[in-house]
Amino acid sequence: HALACFLREAAQSVQGLAEPVSKAELVHRPPRNRPVSPAHRVAQRDEAAKSLPVITFEEREFDFGTIEQGTPQEHTFAFTNTGEAPLIITNATSSCGCTVPDYPQNIPIQPGEKGELVVKFNGTGMNQVIKTVTLNTNTAAGQEMLRIKAFVNAKSPSPSMGPVSSN
């Protein structure tokens with residue numbers, strides 16, 4: 001009996017505090033914050049991944065062919081941001097000081113826009129030479145790799161003047 005009295009009093013006090021609510025108000029109220037399920041988090045992550053930039057190169061490797069040692073070489077790698085968000089290249093490094101990348105550092109490249117990265121190679125080394133340029137980007141992978149290669153022949157000895165004949 002005590003429990004029934006308690007419940008009746010509680011119901012009366014709640015009724016006294018609550019204002020009448022229409023069905024329309026119930027429908028349009030925002031949902032309460034509920035814990036997000038792991039499956040929902042995965043779906044949110046996958047949806048966010050769709051709006052990442054994607055760097056698409058026309059080529060990722062370039063062969064200078066056979067060159068003479070010490071002959072500077074240069075190649076332009078063209079790319080397009082085929083993703084859904086601005087692309088940013090934060091850094092570009094080469095595997096050797098003989099190779100220098102020139103790139104649009106920290107300049108946003110909008111979706112659909114094209115860009116260029118110039119790689120300069122000073123022609124040092126001998127025989128088959130392969131150099132790698134690593135780009136740090138805001139793509140899903142975070143890093144992109146480009147390669148240049150050349151077969152470097154020894155520099156031809158310059159003809160010496162030799163002693164001058166007095167005859």
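Biologist: What do the numbering and the values rest on?

Modeller: Residues count from 1 along each chain as its sequence is written. In this predicted model local features need pLDDT of at least 70, side-chain atom pairs count only at pLDDT 80 or more, and totals for chains, interfaces and linings use all residues, while side-chain values use heavy atoms, without hydrogens and water.

Biologist: In what order do the strands of the open sheet stand?

Modeller: Strands (E, at least two residues) are DSSP runs numbered from the N terminus, and two of them pair if DSSP finds at least two bridges between them. Here 4 strands form an open sheet in the order E1-E3-E6-E5, with antiparallel pairing. Strand E1 (55-57) and strand E5 (99-102) each have a single partner strand, so one side of each lacks a neighbour in the sheet.

Biologist: How many bridges join E1 to E3?

Modeller: There are 3 between E1 and strand E3 (residues 73-81). Phe57 has Phe79 in E3 as its bridge partner.

Biologist: Which residues have the most contacts inside the largest nonpolar core?

Modeller: Such a core is a set of buried Ala, Val, Leu, Ile, Met, Phe, Trp, Tyr and Cys residues joined through side-chain atoms within 4.5 Å; buried means under 20% relative accessible area (1.4 Å probe, protein chains only). The largest has 22 residues, and Phe79, Leu117, Phe121 and Leu135 have the most contacts inside it. E8 gives the most, with 4 residues.

Biologist: Is Thr139 buried or exposed?

Modeller: Thr139 is buried, at 9% relative accessible area. Thr139 lies in the loop between strand E7 (127-137) and strand E8 (143-153).

How values were computed: Buried means under 20% relative accessible area, exposed over 50%, partly exposed in between (1.4 Å probe, protein chains only).
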